[in-house]
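Q: Could you take me through the salt bridges in this one? I'd like a close look at which side chains pair up and where they sit.

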Amino acid sequence: MSALTPPTDMPTPTTDKITQAAMETIYLCKFRVSMDGEWLCLRELDDISLTPDPEPTHEDPNYLMANERMNLMNMAKLSIKGLIESALNLGRTLDSDYAPLQQFFVVMEHCLKHGLKAKKTFLGQNKSFWGPLELVEKLVPEAAEITASVKDLPGLKTPVGRGRAWLRLALMQKKLSEYMKALINKKELLSEFYEANALMMEEEGAIIAGLLVGLNVIDANFCMKGEDLDSQVGVIDFSMYLKDGNSSKGSEGDGQITAILDQKNYVEELNRHLNATVNNLQAKVDALEKSNTKLTEELAVANNRIITLQEEMERVKEESSYLLESNRKGTKQDRSAEGQALSEARKHLKEETQLRLDVEKELELQISMRQEMELAMKMLEKDVCEKQDALVSLRQQLDDLRALKHELAFKLQSSDLGVKQKSELNSRLEEKTNQMAATIKQLEQSEKDLVKQAKTLNSAANKLIPKHH
């Protein structure tokens with residue numbers, strides 16, 4: 001996370017620096033996304049211990065791009081897995097309002113945008129993933145149908161909207177994996193649109209294309225005519241992946257509790273960073289208020305100085321008028337002396353006038369600086385409000401995680417009670433088994449005794465039969 005703490009001894013911040021500080025935020029490239037079963041785990045890069053070998057710094061673009069690729073691949077795994085499981089449990093055709101499906105398209109959009117080259121247009125630089133998707137119809141003839149359908153849709157006005165519509169039609173056609181594989185295999189064509197270390201140019205893109213095969217079991221139906229795909233905001237909702245499903249096994253419950261604690265620690269750490277950011281912004285606001293007070297005082301001094309200069313100008317005018325009257329009444333010698341005094345008075349008046357102009361220019365400069373400070377303060381207040389909203393959202397997520405932790409702990413206790421009951425039942429069954437084994441032994445012994453008696457009776461009968469004969 002970027003450090004926003006300013007030095008203690010610093011000059012009054014300019015408008016550019018204040019604007020830059022107000023626009024700073026937290027990017028996903030500063031974190032590493034990993035998976036633990038169905039869990040989403042975020043780790044800050046500064047907290048990850050690496051090997052002692054020479055390692056790339058966190059400011060290295062290649063290192064950041066590799067970390068972004070890994071994050072997007074893990075997010076794609078979670079999104080595809082969650083979408084397949086929820087769709088199979090739902091057991092019906094999915095539509096555009098289904099939340100896991102919306103998040104899947106957002107993740108795919110981020111994957112396709114990763115490493116895009118900016119193309120210069122009349123309106124500035126533009127990045128759109130519609131260009132690479134148009135190439136698919138040249139590689140797979142079956143894709144020409146959906147490309148033509150996208151171009152014929154009347155409500156789409158931007159390349160981003162056409163790209164989103166193309167993804168939805170490809171999923172409905174159950175050919176999204178096939179199209180992506182065909183596109184990734186042609187890296188010589190993709191190099192026109194993507195940087196060399198983009199996700200679509202590396203092995204992570206091939207892995208995501210392989211994962212998309214599982215979506216062929218899903219039936220989806222979208223209505224493109226009434227949907228506004230141009231103005232949708234593609235933001236990944238991490239709250240869908242910060243919660244785990246139900247589990248009845250004790251060992252899995254322990255792992256889930258550990259994962260919840262990891263999520264809790266991450267949210268608390270992020271909360272601390274946001275608090276530090278808010279404190280830094282508050283310090284900047286206080287500095288701006290002090291500077292504003294100082295400027296107000298300087299403005300009051302300048303106004304007093306202007307009033308004094310105006311009074312002096314009035315006095316000089318009165319003296320000059322008096323000198324003119326006395327010049328008319330006096331002699332020629334007096335006129336020459338008074339003319340010299342008048343020239344000096346005019347010179348003094350000119351100097352005072354120039355000084356007044358300089359003071360007015362300085363006053364205008366101070367007023368413009370004050371307006372810039374007020375604009376910067378408004379921007380900082382807006383940023384503080386946004387940070388506070390994010391803090392409230394994170395606290396709500398923390399409360400949800402705590403509730404899930406209590407629920408899992410209760411389920412773990414229930415499973416322990418069930419294990420105890422099963423162990424007691426097992427011991428009873430063993431006792432009954434031992435009793436039955438003893439009974440069987442008694443029956444076998446009695447059977448042996450009966451066999452011996454039968455043999456004795458047979459032998460006795462055999463002896464009696466010859467005597468009768």
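A: Among contacts between residues at least 6 apart in sequence, 75% join residues at least 24 apart. Keep in mind that this is a predicted model. The chain has 12 helices and four strands, and 33% of its 469 residues count as buried.

Now for the charged pairs. Side chains of opposite charge can pair when their charged atoms come close. Searching the whole structure turns up 10 salt bridges.

Take Lys175 and Glu142: they form a salt bridge whose closest N and O atoms are 2.4 Å apart. This pair ties together distant parts of the chain, 33 residues apart. Lys175 is in the loop between α7 (159-172) and α8 (176-184), while Glu142 is in the loop between α5 (136-139) and α6 (144-152).

Next, look at Lys174, which sits in the loop between α7 and α8. Its salt-bridge partner is Asp219, with the closest N and O atoms 2.7 Å apart. This is another link between distant parts of the chain: Asp219 belongs to the loop between α10 (203-211) and α11 (250-329), and the two residues are 45 apart. Asp219 has 40% relative accessibility, so it counts as partly exposed. Lys174, with a relative accessible area of 32%, is also partly exposed.

Arg370 and Glu374 both lie in α12 (residues 332-468), and they're four residues apart, about one turn of the helix. Their closest N and O atoms are 3.5 Å apart, and they form a salt bridge. Why does that distance count? Because the cut-off for a salt bridge is 4 Å, and 3.5 Å is the value for this pair. Arg370 is partly exposed at 32% relative accessible area, and Glu374 is partly exposed at 34%.

Salt bridges can also join up beyond simple pairs here: Glu109, Lys113 and Arg164 are linked in a network of them.

Key:
Residues are numbered from 1 along each chain as its sequence is written. This is a predicted model: local features need pLDDT of at least 70, side-chain atom pairs count only at pLDDT 80 or more; totals for chains, interfaces and linings use all residues. Side-chain values use heavy atoms; hydrogens and water are left out. A salt bridge is a side-chain nitrogen of Lys or Arg within 4 Å of a carboxyl oxygen of Asp or Glu. Buried means under 20% relative accessible area, exposed over 50%, partly exposed in between (1.4 Å probe, protein chains only). Contact means heavy atoms within 4.5 Å.
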